[in-house]
Amino acid sequence: MAPRAYWKGSLKLSLVSCPVVLYPASTSVEKTRFHLINRETGNRLKQQMVDSETGDIVEGEQKGRGYELSKGQYVEIEPEELEAVQIESNHTIDIDSFVPREEIDQRYLNHPYYIAPDGKAAVDAFAVIRDAMKEQDRVALARIVLTNREHVIAIEPMGKGMLGTTLRFPYELRDEAEFFDDIKSPRITKDMVELAGHILQTKAAHFKPSEFKDQYETALKALVKRKASGKPIKLPEPAERPDNVVSLMDALKQSLGKGGKKTARAASRRTSAHRRPAKKAHRSAARQRKAG
């Protein structure tokens, strides 16, 4: 059974448009979830909305949406009134531009969605837009309204369909300078960088998401199974922080194992070779001053 569409509308490129549907590309269904329960009865607890002033429980029909104009003063907005905010992207993904994929800053990427044609009549126009992007190796930037909010969405070909990823707005990103400006710039030797480079080479691989293992989720399921069977849960001893201070160079060598010493010696010889001409030139200059 096909999943229910999250959004339905039209994908529009200039005068070409076609009906499309969006499906969330990610899911958290398989995640282990916990519910709040009453320790005494074992029954599940249910949350209720409470009036912040009177303390009374507020039932469903009494709940509304309000925007805070000033402290404690709200203007109520009805669901049907939100429909008055009619912009084209409510029901249309209107492509504004096409950009090179490598120009999209990874920090802007938000939620992924699969985009598919809605019905047989939409397939031809859908395929034309998809294949044109594939041939040009470009990503479309468009606007879409999801959950009463307009989003910029990046669209790119993916197999027979397309992948749409909503993007964050600039005001949603924090300035990296706020976190990076205080990082010092220490003097790192070339030998250290070369040793670190060798460690990187020993761990070189390709991006294979199928090999990602959620070890915490696996351990969590094992804990629940063990507790449900009545077996005791043994708490781990708190980890002790190591007291010994290892130099950065020693740590790099140890990370490489046996090859570390060999690489370090090679790096040391290169450094010595660079230094020898300087020493020789220094001795030669000294002799000339003495002879003079």
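**View 1. T147 sits in the hairpin of β9 and β10 and takes a positive phi near 50 degrees.** This hairpin has 2 residues between the strands. The model is predicted: local features need pLDDT of at least 70, side-chain atom pairs count only at pLDDT 80 or more, and totals for chains, interfaces and linings use all residues. Residues are numbered from 1 along each chain as its sequence is written, and side-chain values use heavy atoms, with hydrogens and water left out. Strand β9 covers residues 138-146 and strand β10 residues 149-158. The two run antiparallel and are joined by 7 bridges. Strands pair if DSSP finds at least two bridges between them. Strands are DSSP runs of E, at least two residues long, and helices are runs of H or I, at least four; both are numbered from the N terminus. V145 has E150 in β10 as its bridge partner.

**View 2. β10 also forms a hairpin with β11.** Strand β11 spans residues 161-167. Its pairing with β10 is antiparallel, over 7 bridges. V152 has L167 in β11 as its bridge partner. Between β10 and β11 there are 2 residues. G159, in the turn, has a positive phi of about 60 degrees.

**View 3. Y6 and Y113 form a stacked aromatic pair.** Rings of Phe, Tyr and Trp (its six-membered ring) pair if their centres lie within 6.5 Å; planes under 30 degrees apart count as stacked, over 60 as edge-to-face and the rest as tilted. By this rule the count is 3 aromatic pairs. The ring centres of Y6 and Y113 are 5.6 Å apart and the planes meet at 25 degrees, so the pair is stacked. Y6 lies in the segment before β1 (7-13), and Y113 in strand β8 (residues 109-117), so the pair ties together parts that are 107 residues apart in sequence. Y6 is partly exposed, at 40% relative accessible area. Y113 is buried, at 8%. Buried means under 20% relative accessible area, exposed over 50%, partly exposed in between (1.4 Å probe, protein chains only).

**View 4. F169 and Y171 form a stacked aromatic pair.** Their rings lie 5.7 Å centre to centre, with 0 degrees between the planes. F169 is partly exposed, with a relative accessible area of 25%. Y171 counts as exposed, at 68% relative accessibility.
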